[in-house]
Amino acid sequence: MRHLLSSADLSRDDVRMLLATAAEMHEVQRRDVKKLPTLRGRTIINLFFEDSTRTRSSFEIAGKWMSADTINITGKGSSASKGESLRDTVMTIDAMSVDCVVIRHMASGAAHQVSQWVDASVVNAGDGTHEHPTQALLDAYTMEQRLGPLAGRRVAIVGDLTHSRVFRSNAITLRTLGADVTLVAPPTLMPSGIGAWAAADGLHLTDDLDEVLASGPDAVMMLRVQRERMSGGFFPTPREYTVGFGLTRDRLRALTDANGEAVICHPGPMNRGLEISADAADAAQSLVLDQVSAGVAVRMAVLYHLLAGEEDAA
Amino acid sequence: MSDLLITGVTYLGPDGAEQRGDLAVRDGLVAEVGRVEDVSGLDRLDGDGLTALPGFVDLHTHLREPGREDAETIASGSRAAAAGGFTAVLAMANTSPVTDTAEAAERILDLGRAAGLVDVVPVGAVTKGLEGVELAELGLMHRSRARVGVFSDDGHCVADGRVMRRALEYVRAFGGVVSQHSQDPALAGAQACCHEGELSGRLGLPGWPPVAEASIIARDAMLAEHTRSRVHVAHVSTAEGLDVVRWAKARGIAMTAEVTPHHLALGTDLLAGYDPVFKVNPPLRPTADQEALRAGLLDGTIDAVATDHAPHARHDKEHAFVDAAFGMLGLETAFGVVHDLLVTTGSMGLADLARVMSVNPARIAGLAGHGRPLAPGEPANLVLVDPAATVTVDRAASQSLSRNTPWHGRTLTGAVHATILRGTVTAREGEPAAC
């Protein structure tokens, strides 16, 4: 593995290996002294063109706990607006002989493009509305901690699919692991060409969340509705969205009635009261904080497999 | 100007059938065709294996001067045009400043003449500053030395129906035509950069749906009918848009249309790697659209092939895909692409190619000296093509100042051997003449 750009880069064996390593790393996380010497002498640049708290900090902690030198470079807005091309920006960084560039960019495909230009390994930490492969890995890890292997398990992904990189990566990784995936969204938030896409990738489509919940899925993943979408004409009002697609208190009960073991995920940050009610967010079935905790372990696993040799991880 | 004897060349007779013989060019005009009696004072050019066609006319070229002389100049673009077999190019108005006054148009005309390799014909903006609000000085541009007859806000759609109506009414008085960039900005905004469909969904790129093109073409067809004026559809890219053009023509509406070589030959799938060299507006479309466009070109629904030659400096293409500039080079590869795609496959003959790359675009633009039959007394605006030559496109060898060609590394059958503008050889085997 040289880069991690898309969840489609990972075979089932790759995902299994990364999740197994993440479990080892998760053990390390519970030690008093968390430092491993694994990546000593390696330099990781966290290049974040877009605001991020949890993803950037979890990559930074992951690198530090493995003794890598991690440097954060953050910039708001694209380099285009500053007159410098993206290529110039990343070539400047690559010229410093770094080992890994973790990139978050507001433009789809940015990580892919950067990987063509630099010698360093590139990790996609979220590119526009395209993908977020480490999020999908940590979601899978978290769900498996609670549910066991995801093969044959039923997962519903609900919300703004069009603009969600979390959905795109999750749909791929969940299918790679053999899960049964149902997508739930209003028609205006279903991505272009989703019909052919769903048929090709074996995804189910619906706009009826109640029907999906009544069928007792094993996991329900609620996606964040971005504030800027609310005035974009994708749906009439936040109230109408919540009535149609929010995981409300009543829907939480319906889900629990149908499947008492079902878990709830949300990649955060949550809009409480919009796509997820406080009752659901804080319910015993909610994995929201487990997801954050797993984020560090999963990113340690990714950095380890990209940058370390073959010796034992922990 | 030297006088020429082109020997043993294949050419199109009055009936369009291919014939072989000698051609004499004197004083910038075709002097004799077939058998040349008087060869005195003529420089010989061996035409064996070559076919003489009327010089190509490009309805859609971006030369970037004034404003972005780092990407292209009128001189460098002229070199690329001559190398590609063109004897006339229409220079789009989206320069900086915009070509929206008589003075600006005359300046482009003069710079083209100074370069001297191709007739550079300025296109006038429809609206001031391409802003789509107030009409530019259409009449003054027409009355200027540049005799502007084609108007376009290309790069932008004249989206306001009232503005488009007024423009059509106004240019009708002097026989002008509006070339429309058909893109409803409400349906395909400035960020739209990938054909809307499964691939745009998977890639997370803003989609550009066919309806954004077809609905504007339909509106413009109705406006052309209502105003009894003439409208030209720039770079039609979708089967839906093409169907509307077909309907409009059947109804007798004065609508013409062009297609680019890249929309004929390149597909949406090329965007999968996020390489901005394949970012163009309108975007590359799926196979079914390419096939429909080829059929439309063959059945005459589409009148012309136009390059939409759009040079960009490297740093404007090396951004993230959605931030990178739209457009690709086209002048030097247009003949090879069309020939390779449609002539070598037997879909069309060289006479058809001449019709869509020279005769029809010259007629649409009202260029009297171009796209003419090969007959004594006609202006000697010619291209000699070698249908058997194969060329592997090398972007480093381009005459353009830019390198954003999507054809790099592709091998094409059919090459331009020489270009002749009013009797003067302006390029030979891809190398422009020193001027």
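This is a predicted model: local features need pLDDT of at least 70, side-chain atom pairs count only at pLDDT 80 or more; totals for chains, interfaces and linings use all residues.

Student: Where in chain A does A:E131 lie?

Tutor: A:E131 is in the loop that runs between β4 and α5 (133-147) of chain A.

Student: And what does A:E131 touch, not counting residues up to four places away in sequence?

Tutor: Its contacts are A:S6, A:S7, A:N124, A:R165, A:R168 and A:S169. A:D9 is 122 residues from A:E131 in sequence, while the C-alpha to C-alpha distance between A:E131 and A:D9 is 12 Å.

Student: You mentioned β4. What sheet is β4 of chain A in, and in which order do the strands come?

Tutor: An open sheet of four strands, ordered β2-β1-β3-β4 in chain A, with parallel pairing. β2 (69-74) and β4 of chain A are the edge strands, each pairing on one side only. From one strand to the next the twist averages 15 degrees.

Student: How many bridges hold β1 of chain A to β2(A)?

Tutor: Six bridges join β1 (residues 43-48) of chain A to β2(A), and the two run parallel. As one example, A:F48 has A:T74 in β2(A) as its bridge partner.

Student: What about β1(A) and β3(A), how many bridges there?

Tutor: β1(A) and β3(A) pair over five bridges, in the parallel sense. Here A:I45 is partnered by A:V101 in β3(A). β3(A) and β4(A) also pair in the parallel sense over five bridges, and A:C100 stands opposite A:S121 in β4(A).

Student: Is β3 of chain A covered or open?

Tutor: Mostly covered: β3 (residues 100-105) of chain A has six of its six residues buried. A:C100, A:V102 and A:R104 point one way from the strand, A:V101, A:I103 and A:H105 point the other way, and all are buried.

Student: Switching to the nonpolar core. Which residues touch the most other members of the largest one?

Tutor: A:I157 and A:L303, in a core of 240 residues. α13(A) gives the largest share of this core, with twelve residues. As background, nonpolar side chains tend to be buried together in soluble globular proteins.

Student: What does A:L303 touch, not counting residues up to four places away in sequence?

Tutor: A:L39, A:I44, A:A62, A:G63, A:M66 and A:C100.

Student: Zooming out, how is chain A divided into domains?

Tutor: Into domain 1 (7-130 + 294-307) and domain 2 (133-291). Taken over C-alpha atoms, the centres of domain 1 and domain 2 of chain A are 25 Å apart. Their contact takes 21 residues from domain 1 of chain A and 21 residues from domain 2 of chain A.

Student: Which elements supply the domain 1 side of that contact in chain A?

Tutor: α1 (12-29), β4 (121-127) and α13 (288-307) of chain A each supply at least two residues of the side of domain 1 that touches domain 2. That side divides into ten nonpolar, seven polar and four charged residues.

Student: Now chain B. What are its domains?

Tutor: Chain B has domain 1 (4-51 + 377-400 + 407-432) and domain 2 (55-365). The C-alpha centres of domain 1 and domain 2 of chain B are 27 Å apart. Between them, 27 residues from domain 1 of chain B and 28 residues from domain 2 of chain B make the contact.

Student: Which strand gives the largest share of the domain 1 side in chain B?

Tutor: β17(B), with eight residues of the side of domain 1 of chain B that touches domain 2 of chain B. The residues of that side are 15 nonpolar, eleven polar and one charged.

Student: Last one: how many residues of chain B and chain A are in contact?

Tutor: 18 residues of chain B are in contact with 23 residues of chain A. On the chain B side, helix α5 (residues 198-203) of chain B gives the most, with five residues. The side of chain B that touches chain A divides into six nonpolar, seven polar and five charged residues.

Note on methods
Residues are numbered from 1 along each chain as its sequence is written. Chains are lettered from A and ligands numbered from 1 in the order in which they are written. Domain bounds come from an automatic or database domain assignment. Two residues are in contact if their C-beta atoms, placed from the backbone, lie within 7 Å. Ala, Val, Leu, Ile, Met, Phe, Trp, Tyr, Cys and Pro count as nonpolar, Asp, Glu, Lys and Arg as charged, and the others, Gly among them, as polar. A nonpolar core is a set of buried Ala, Val, Leu, Ile, Met, Phe, Trp, Tyr and Cys residues joined through C-beta atoms within 7 Å. A residue is buried if 20 or more other C-beta atoms lie within 10 Å of its own, exposed if 12 or fewer, and partly exposed in between; C-beta atoms are placed from the backbone. Two strands pair if DSSP finds at least two bridges between them. Axes are lines fitted to C-alpha atoms, for helices over the stretch in contact, and angles run from 0 to 180 degrees between N-to-C directions.
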